Structure formats: structure tokens, C-alpha cells
Amino acid sequence: MSTGVIIVLIVILVGVVAAAAALVPRARGGFGGSGLKRRFGPEYDRTVARHDGDTKAAERELGERVQQHGSLREQPLEPAAREQYQARWAAAQELFVDSPRQAVTDVDQLLGEVAGARGFPDVEEYDKQFDALSVHHSDHVHGYRRVHRVVQSPTNGAPEGQASTEEMREAVLEARALFDELISADNGDGRGSGSSRGRTGRHTFGSFNRQAVKGS
């Protein structure tokens with residue numbers, strides 16, 4: 001085999017390797033670092049922080065989320081089901097005044113059930129459900145994380161790890177945006193239509209404020 005032929009084969013091999021490397025981000029959902037930042041927003045930064053600043057590890061995790069859940073199509077809610085979920089949210093809001101922690105528990109359960117009804121993984125698989133939600137509702141998914149952490153925090157009277165009433169109130173307020181998106185009548189592809197931004201302003205929780213919380 002002549003030297004010229006060998007050189008040509010090497011050039012072709014290098015080209016194939018380069019092309020394969022370029023396809024790796026697509027296998028993870030079609031996004032490089034900048035694409036993942038745009039898709040996940042604040043969730044991108046939180047994931048990087050959770051990986052102690054290791055951007056590559058964070059992007060690998062987020063890419064896997066897109067690969068596993070990016071093709072999920074959200075299922076529409078029947079009007080009757082939507083009204084039922086709204087009524088349960090209102091009940092949790094009222095309960096917060098006398099029993100903040102139980103109200104947060106109810107909100108956590110409600111979010112999981114609504115997500116399941118929309119076609120996300122079952123509420124019993126929180127981690128998988130959260131990952132899927134983060135792909136399709138990245139702007140507001142952190143509220144769900146916050147209320148779930150409250151539910152999982154200690155309740156044995158030790159102050160370590162327990163959320164204050166104000167922290168619980170803020171967690172539920174943040175979770176409301178995700179709830180609004182999940183029960184939205186606009187049952188699109190789940191990439192977050194932004195409609196909840198308009199609605200949330202009308203759902204200021206009425207009496208659900210600092211003055212209404214006992215002991216605050």
C-alpha cells in the first residue's frame with residue numbers, strides 16, 4: 001500500500017471520528033452546553049452546583065434527562081379533573097393557616113398526582129418524575145423540589161433540617177407556578193407555554209400571606 005493511500009485512509013478515519021464525536025450531544029437530546037442552559041435555565045445552575053461546579057458532570061446528567069424524557073407527550077386533563085385539582089389546592093391553602101406542614105404535604109402529593117395524570121412518571125417514583133418535569137417545565141420545577149424537601153425533612157423536634165413556617169410558605173408559593181402550568185387548559189407539548197406567568201398574578205393566595213400564618 002502506497003504512502004499516499006495510507007494518508008488518505010488516515011484522513012478519512014479522522015473525519016469519521018470527528019463526525020461521531022459531533023453526534024454525541026445529539027444522542028443526549030440534541031443539546032450542547034449552551035443548549036442545555038437555554039432549556040433548563042436556573043435548573044442548569046442548580047445541577048452544576050450540586051455537582052460541585054463540575055460542568056461536564058452536570059451537563060451529562062441533564063443530557064440524560066433529555067434523552068430519557070424529551071419525547072414525553074403530556075396528556076390533557078378533563079375539565080372535571082382540573083376543577084377537582086384546583087379545589088384541592090384551595091383546601092391546602094386554607095389548611096396552611098392552622099397546619100403548615102400538613103398543607104405542604106398535601107401540596108407535594110397533589111403536584112405528584114397532577115403530574116402523573118398529565119403523563120409524567122408515577123408519583124411513587126419522585127426522582128424520575130422530577131427529572132421528567134425538569135425537561136418540560138424547567139422554569140418552575142424547583143418549587144416542587146422545595147415542597148418535597150419539606151415533606152422529607154425531620155419532624156422529631158430537632159431544629160436541624162426543619163423548615164420554618166416562612167420557608168414552607170415560600171415553597172408553596174413557588175410551587176404554585178408549576179401547578180398552574182400542569183392544570184393549564186393549554187395542553188401543548190409541555191415545554192412551558194408561559195401561560196402560568198399570566199395566571200399566577202391573579203392567584204396571589206388571598207389570605208395565604210405572612211399575616212395569615214399563625215405564629216408569624
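I read the protein along its sequence and noted the pattern α-α-α-α-α-α-α-α-α-α. The count is ten helices and zero strands; helices (H or I, at least four residues) and strands (E, at least two) are DSSP runs, numbered from the N terminus.

I noted that this is a predicted model, in which local features need pLDDT of at least 70, side-chain atom pairs count only at pLDDT 80 or more, and totals for chains, interfaces and linings use all residues. Residues are numbered from 1 along each chain as its sequence is written, and side-chain values use heavy atoms, with hydrogens and water left out.

**Overall figures**

I looked up burial: 37% of the 216 residues are buried (under 20% relative accessible area; exposed is over 50%, partly exposed in between; 1.4 Å probe, protein chains only). Of the contacts (heavy atoms within 4.5 Å) between residues at least 6 apart in sequence, 68% join residues at least 24 apart.

**Helix 7**

I then checked how many residues of helix 7 are buried. The buried ones are Tyr-126, Gln-129, Phe-130, Ala-132, Leu-133, Ser-134, Val-135 and His-136. They pack against helix 2 (33-40), helix 3 (42-50), helix 4 (55-69), helix 6, helix 8 and helix 9 (165-182).

**Pro-121**

I located Pro-121 in the loop between helix 6 (100-117) and helix 7. Pro-121 counts as buried because its relative accessibility is 14%. Leaving out residues up to four places away in sequence, Pro-121 touches His-69, Leu-72, Gly-116, Lys-128, Gln-129 and Ala-132. I also took the C-alpha to C-alpha distance from Pro-121 to Asp-131: 9.3 Å, at ten residues apart in sequence.

**Largest pocket**

I searched for pockets on a 1 Å grid over the protein atoms alone; a pocket is an open set of points where a 1.4 Å probe fits, with protein on both sides within 12 Å along at least five of seven lines, and lining residues have an atom within 4 Å of a point. The largest pocket holds about 150 Å³ of space, a volume being the space filled by probe spheres set on the points, which are joined across faces, edges and corners.

Its lining is Arg-50, Arg-65, Tyr-126, Asp-127, Phe-130, Asp-131, Arg-145 and Arg-149. Helix 7 (126-136) and helix 8 (141-152) are the elements that give two or more residues to this lining, and helix 7 supplies the largest share, four residues. By class I recorded two nonpolar, no polar and six charged residues (nonpolar: Ala, Val, Leu, Ile, Met, Phe, Trp, Tyr, Cys and Pro; charged: Asp, Glu, Lys and Arg; polar: the others, Gly among them).
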